[in-house]
Amino acid sequence: MRLDVVTIFPDYFAPLQLSLVGKAIDKGIIEVAVHDLRDWTHDRHNTVDDTPYGGGAGMVMKPEPWGEALDALEAADDRPMTIVVPTPAGRPFTQALAYELAARQRLVFACGRYEGIDQRVIDHCAERYELVEVSLGDYVLNGGEVAALAVTEAVVRLLPGVVGNPESLVEESHSPEHPLLEYPNYTKPPVWRGREVPEILFSGHHANVAKWRLEQATERTRARRPDLLDEA
Ligand code: 6GU
């Protein structure tokens, strides 16, 4: 999979070199290219924003640099582009959407700042490429960069060879096979600051342990996220 990121803050993406995503790059499972949108401006001040038609607060990202950036990225590689636009007005990002995006050959993150990107860029993307506008949740970030990092991590860890033990993808919260929150985990020592590990986990009785974990997961989900039980 190839990932391109277009942003006015390329430094935000330094963490991609770390951890699982960095290892996926080293292993050749993904290729990542981060681009500065200002490289596609032509004025002395590298202007990427302007005042909104119709008035109102804030600035809007101008369409021309985005158009040139997308043309250049399209020309740089044959694989079909799925444009991911992080926006609080997008489709809620879920594990199911992470699996959908993990099936794509090439994701291009278009990170907006200010009040967003001129709508004609979005419409152009919808016509020419596959377009997915995604939201991390019902709160407001200053721009798409942090969301692009979150989506990247959620997607890349689903690619074959990235997570050491693929079984761990099955049991975790929000996986399609297990729509419950994860059960509590414990490791040594058996007593820590007077707190004991639940007795059942020492029993060696795998069926009983599995039953206990399912009960814990179900109870947690009922208490914290009853909406997930309604869906399941
Ligand atoms: Cl994807 N972008 C921005 N700017 N704010 C958000 C978001 C995305 N998701 C939640 N808030």
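**A guided reading of the predicted model**

Five strands form an open sheet in the order β2-β1-β6-β5-β7, and their pairing is parallel. At the edges stand β2 (31-36) and β7 (130-135), each of which pairs on one side only. From one strand to the next, the twist averages 25°. In general, the strands of a sheet pair through backbone hydrogen bonds, in either a parallel or an antiparallel manner.

The model is predicted, and its confidence may be considered before further detail. The mean pLDDT of the protein chain is 96, and 100% of its residues reach 70 or more. Confidence is highest in strand β6 (residues 106-110), at 99, and lowest in helix α6 (residues 167-171), at a mean of 81.

The chain as a whole may be described next. The protein chain has 232 residues, of which 39% are buried, and it contains eight helices and nine strands. The C-alpha trace spans about 70 × 40 × 35 Å along its principal axes. The chain exposes about 13,800 Å², and carbon and sulfur atoms supply 52% of this area. Among contacts with a separation of 6 or more, 73% are between residues 24 or more positions apart.

Strand β5 (residues 82-92) and β6 run parallel and are joined by three bridges. Val-84 has Phe-109 of β6 as its bridge partner. Helix α2 (residues 63-76) packs on this sheet, where it touches β1 (2-7), β2, β5 and β6. The direction of α2 makes about 160° with that of β1.

Another helix, α4 (residues 119-128), lies across β5 and β7 and runs at about 130° to β7. Which residues of α4 are buried? They are Val-121, Ile-122 and Cys-125. These residues lie on the same side of α4 because they cover an arc of only 100° around the axis. The general rule is that an α-helix has 3.6 residues a turn, so residues three or four places apart point the same way. The cover over the buried residues of α4 includes α2, β5 and β7. On the other side of α4, by contrast, Arg-120 and Glu-127 are exposed.

Phe-93 is located in the loop between β5 and α3. Is Phe-93 buried or exposed? Phe-93 is buried, because its relative accessible area is 19% and the limit for a buried residue is under 20%. Apart from its neighbours within four places in sequence, Phe-93 is in contact with Ala-98, Leu-101, Ser-135, Leu-136, Val-151 and Ala-154.

Gln-95 belongs to helix α3 (residues 95-102). Gln-95 also counts as buried, because its relative accessibility is 17%. When its neighbours within four places in sequence are left aside, the contacts of Gln-95 are Leu-158, Glu-172, His-174 and Ser-175. Phe-93 and Glu-172 are 79 residues apart in sequence, and their C-alpha atoms are 17 Å apart in space.

Terms used:
Residues numbered from 1 in each chain as written. Predicted model: local features only at pLDDT ≥ 70, side-chain atom pairs only at ≥ 80, totals over all residues. Heavy atoms only, no water. pLDDT = per-residue confidence, 0-100. Helix = DSSP H or I, 4+ residues; strand = E, 2+ residues; numbered from the N terminus. Pairing = 2+ DSSP bridges. Axes fitted to C-alpha atoms, helices over the stretch in contact; angles between N-to-C directions. Contact = heavy atoms within 4.5 Å. Buried < 20%, exposed > 50% of the residue type's maximum accessible area, 1.4 Å probe, protein only. Arc of directions from axis to C-beta. Areas by Shrake-Rupley, 256 points an atom, 1.4 Å probe, with all protein chains shown as cover.
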